[in-house]
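Here's a friendly walk through one structure, for anyone meeting it for the first time. Have a look at it first, and then we'll start with a pair of strands.

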2 protein chains.
Amino acid sequence: MGETRLDLSRIQAARQVIDPVFLDTPLYRCEALEPGLGCSVSIKLETANPVRSFKGRGTEVVASVLADNGVRAAVCASAGNLGQALAWSGRGRRLDVTVVASRHATVAKLDRIRALGARLELVDGDHEQARERAAEIARHEGIRLVEDSLDIETCTGAATIGLELVRTPPSFDAVLIALGGGAMATGVGHVVKELAPGVEVICVQPLGAPAMTRSWHERRVVTTGPTNTIADGVAGRRPIPEVLGDLLLVADDAVLVREESIIAGMRMLLEHAGLVVEPSAALGIAAVLEDRDRFAGRHVVTIICGGNVDPAAYHGWVHA
Amino acid sequence: MGETRLDLSRIQAARQVIDPVFLDTPLYRCEALEPGLGCSVSIKLETANPVRSFKGRGTEVVASVLADNGVRAAVCASAGNLGQALAWSGRGRRLDVTVVASRHATVAKLDRIRALGARLELVDGDHEQARERAAEIARHEGIRLVEDSLDIETCTGAATIGLELVRTPPSFDAVLIALGGGAMATGVGHVVKELAPGVEVICVQPLGAPAMTRSWHERRVVTTGPTNTIADGVAGRRPIPEVLGDLLLVADDAVLVREESIIAGMRMLLEHAGLVVEPSAALGIAAVLEDRDRFAGRHVVTIICGGNVDPAAYHGWVHA
């Protein structure tokens, strides 16, 4: 077992460079959800900010380090939320941001990236192709490549959510975290295990994009073929070894959920909590729906990590 | 001109008795709304809490005063949000809460009042009938009547929103506040005028429920016949003289908006901000839509004061 790349004091210090608009987000019990789930449920809401996802925490740390080092341009691959957040953080620091995304990415996310003044390049294929193209641009143009989850700043920023979860002795027994590249899961997991070790850290991924979960279970990087999920924000195929290493140190479990559970979770969050969430943000609720016995009578907190959806697609999912 | 009933030091002190879950709510610029509105727009979001409206701020102050005075039971009339919030605040302080509401109130609000353990009594007729019945119950049972906007604690609690708006020197030029009974408008308006007097305080009410706005313009209480608006939270007919007096001291303007503008505002908040809001919470956006020239190039902040809707009704409004 290796050492973690995460560091609590660095995470605490990160709060100083993150715009307060991304910090101290709502954390509240949502009783209206509970009859349908059979357990107590709290919400950590990461959508009420200028980029409608938790990614601003990480890109604020990234952009502040780049600015401190005199870097003037950066490129990242993104399913949409990282790109939007990096565009936002870069704009405030006069950083030229290029975002590479799949042509099939959520249109609302791509529109916001453009509106925030970033250069957007679309690639055929999926997120892994976007990652390759971003690396190519970085090499070719000699600009800085920002890699989600691999760049420790993205994990450190996301980890500040964990500080807010355990600021007071937590009343919850488990935290349910969407698992994609792993920045949020490793970051939040690290803080929770350091400061509230009794709280179970459960990562949740779609059955249709199981690479990181399979890797966690097998304790080695497992890549997969094409993903098949509406949860675009977590649809990777090639886990990053360093991130898996960090995840193995903090996750108590990693579970996979079906698409219909993700949709049911989105619908419950809309009808009983009044929250419009993207599929990735409903993974925690989906995990409870698929294993009620495990959570019965317990208190879970789930991080509502993003709310960027295409209105038509969202409508089709929740009102079908 | 009388003296205000509001007091800044009492408002500041109120933060100590309000559960933190209601305080320090998100305040953020929402650029995605701006192309459609022609001005800069910030959101103060009061829906991400256990009762999905700003009313918890006031009921926390009310309930703490009642508990301090050994009061064991209270009754209020409510369109639904005050009742839900008083039920929540009362439950934590072993206070027996009775809520009187119109039979035509939003079902989701009534369900939550019951779920929170309050006694719910429904009356035929509108909110004014509910107010009469609540007063009757208070007299008959000898329990404490809580009157929204008249009881200064409800205004003091709501006014804490104002403290958060002006905590840092505000970048906005105007604050748009839904006007119903007047607790929020007088409370927030008082703080803004005390601490950031250059910011315009604009109250917004539906054309179909114009009593308080007409009263403000005529500088005397004007009552009206039956209201006709989907904005149930602000649909009163009989302004309270003391509250009008406070409002006259702080509001720079009071405007009326059409139902179609309220619906357009709800739709914009859903599509461009991902927010499910009740009609009252869209009044500020509606005011911009109806008078773009007035706000062109300026920066407004609007308080998203509640998000309790019946899913079917909401769907009918925004997707019609």
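In chain B, strand E2 (residues 40-45) runs parallel to E10(B), and six bridges join them. Two strands count as paired here if DSSP finds at least two bridges between them. Helices (H or I, at least four residues) and strands (E, at least two) are DSSP runs, numbered from the N terminus. Some housekeeping: this is a predicted model, where local features need pLDDT of at least 70, side-chain atom pairs count only at pLDDT 80 or more, and totals for chains, interfaces and linings use all residues. Residues are numbered from 1 along each chain as its sequence is written, while chains are lettered from A and ligands numbered from 1 in the order in which they are written.

Back to E10(B), which also pairs in the parallel sense with strand E7 (residues 174-178) of chain B, over three bridges. Here is one bridge from each pairing:

| Residue | Bridge partner in E10(B) |
|---|---|
| B:Lys44 | B:Ile303 |
| B:Val175 | B:Val301 |

Strand E10 (residues 299-304) of chain B has five of its six residues buried, so it is largely enclosed by the rest of the structure. "Buried" means that 20 or more other C-beta atoms, placed from the backbone, lie within 10 Å of a residue's own.

Now for chain A. It has 14 helices and ten strands. Its radius of gyration, taken over C-alpha atoms, is 18 Å, close to the 20 Å that the globule rule gives for 320 residues, so chain A is as compact as a globular protein of that length. That rule is 2.2 Å times the number of residues to the power 0.38. Of the 320 residues in chain A, 58% are buried.

An automatic or database assignment sets the domain bounds, and for chain A it gives domain 1 (8-53 + 152-318) and domain 2 (55-146). Their C-alpha centres lie 22 Å apart. Where they touch, domain 1 of chain A gives 29 residues and domain 2 of chain A gives 23; a contact means C-beta atoms, placed from the backbone, within 7 Å. On the domain 1 side, helix H7 (residues 152-165) of chain A supplies the largest share, seven residues.

How many residues of chain B are in contact with chain A? There are 21, and they meet 21 residues of chain A. Strand E1 (27-29), helix H5 (107-115) and helix H11 (259-273) of chain B each give two or more residues to that side.

Methods: Buried ≥ 20, exposed ≤ 12 C-beta atoms within 10 Å, placed from the backbone. Contact = placed C-beta atoms within 7 Å.
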